[in-house]
Amino acid sequence: MYVSARADYALRAMLAVADAAGPTGDGGSGAGELVKAASLAERQDIPLSFLQGILLDLRRAGLLHSHRGTEGGYALTRPAAEISVGDVLRAVGGALTSVRGMPADHAGYHGVAAGLRDVWLAVDGAIALVVDRTTLADLLADRAAAS
């Protein structure tokens, strides 16, 4: 698995929005403050123009709400405990594992290499197991415990 800058930035942005939502990261309830893109970019050291595209992908994936106006910004669509790292990674990058630029389940081999497809699918499954079990709330709790 390759973690792109886009994926890293998306996770950092989602964690910052979840953190602004309050202790439970309950974005879906309207609790907490809206986070402006410019503030996210500055606090997370992400180029604003790059971040805006990422936020659009996260909104299209149903992970963020955007609110317009001077008091507008971004909020989670549901609690941080219900948004996994895998949700965010798939929203901005598609498949978790790729083989020659295609999802692992599209890889096809024959002859002596026939077993490789099973290896790539196992790798994809192992990665999915980790990222789908880890939520934004877990990461925020880990940070709070370390403080």
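Where do Arg12 and Asp8 both lie, and how many residues apart are they? Both lie in helix H1, four residues apart, which is about one turn of the helix. Helices (H or I, at least four residues) and strands (E, at least two) are DSSP runs, numbered from the N terminus. The model is predicted: local features need pLDDT of at least 70, side-chain atom pairs count only at pLDDT 80 or more, and totals for chains, interfaces and linings use all residues. Residues are numbered from 1 along each chain as its sequence is written, and side-chain values use heavy atoms, with hydrogens and water left out.

Salt bridges were examined next. A salt bridge is a side-chain nitrogen of Lys or Arg within 4 Å of a carboxyl oxygen of Asp or Glu. The whole structure holds four of them. One joins Arg12 to Asp8, with 3.1 Å between the closest N and O atoms. Arg12 has 25% relative accessibility, so Arg12 counts as partly exposed. Asp8 is at 33%, so Asp8 is also partly exposed.

Another salt bridge joins the side chains of Asp57 and Arg6, at 2.3 Å from N to O. Asp57 lies in helix H3 and Arg6 lies in helix H1, so this pair ties together parts that are 51 residues apart in sequence. Arg6 has a relative accessible area of 21% and is therefore partly exposed.

Tyr9 and Phe50 form it, edge-to-face, at 5.6 Å centre to centre and with 80° between the planes. Rings of Phe, Tyr and Trp (its six-membered ring) pair if their centres lie within 6.5 Å; planes under 30 degrees apart count as stacked, over 60 as edge-to-face and the rest as tilted. The pair links distant parts of the chain. Tyr9 is in helix H1 (residues 5–20), Phe50 is in helix H3 (residues 48–60), and 41 residues separate them. Which of the accessibility classes does Tyr9 fall into? Tyr9 is at 16% relative accessibility, so Tyr9 counts as buried. Phe50 is at 32%, so Phe50 counts as partly exposed.

A further salt bridge joins Asp87 and Arg78, whose closest N and O atoms are 3.2 Å apart. Asp87 is partly exposed because its relative accessible area is 26%. Arg78 is at 26% relative accessibility and so counts as partly exposed.

Gly62 lies in the loop between H3 and strand S1 (64–67). Contact means heavy atoms within 4.5 Å. Gly62 touches Thr77 and Arg78, not counting residues up to four places away in sequence. The C-alpha atoms of Gly62 and Arg78 are separated by 9.1 Å, and the two residues are 16 residues apart along the chain. At 30% relative accessibility, Gly62 counts as partly exposed.

Thr97 was also examined. It is found in the loop between helix H4 (85–93) and strand S3 (98–99). Thr97 is at 8% relative accessibility, so Thr97 counts as buried. What does Thr97 touch, not counting residues up to four places away in sequence? Its contacts are Met102, Pro103, Ala104, Val123, Asp124 and Ile127. The side chain of Thr97 also makes a polar contact with the side chain of Asp124, at 3.0 Å. A polar contact is a pair of N or O atoms within 3.5 Å; within protein, one must be able to donate a hydrogen and the other to accept it, and residues adjacent in sequence count only if both atoms are side-chain atoms.

Notes. Buried < 20%, exposed > 50% of the residue type's maximum accessible area, 1.4 Å probe, protein only.
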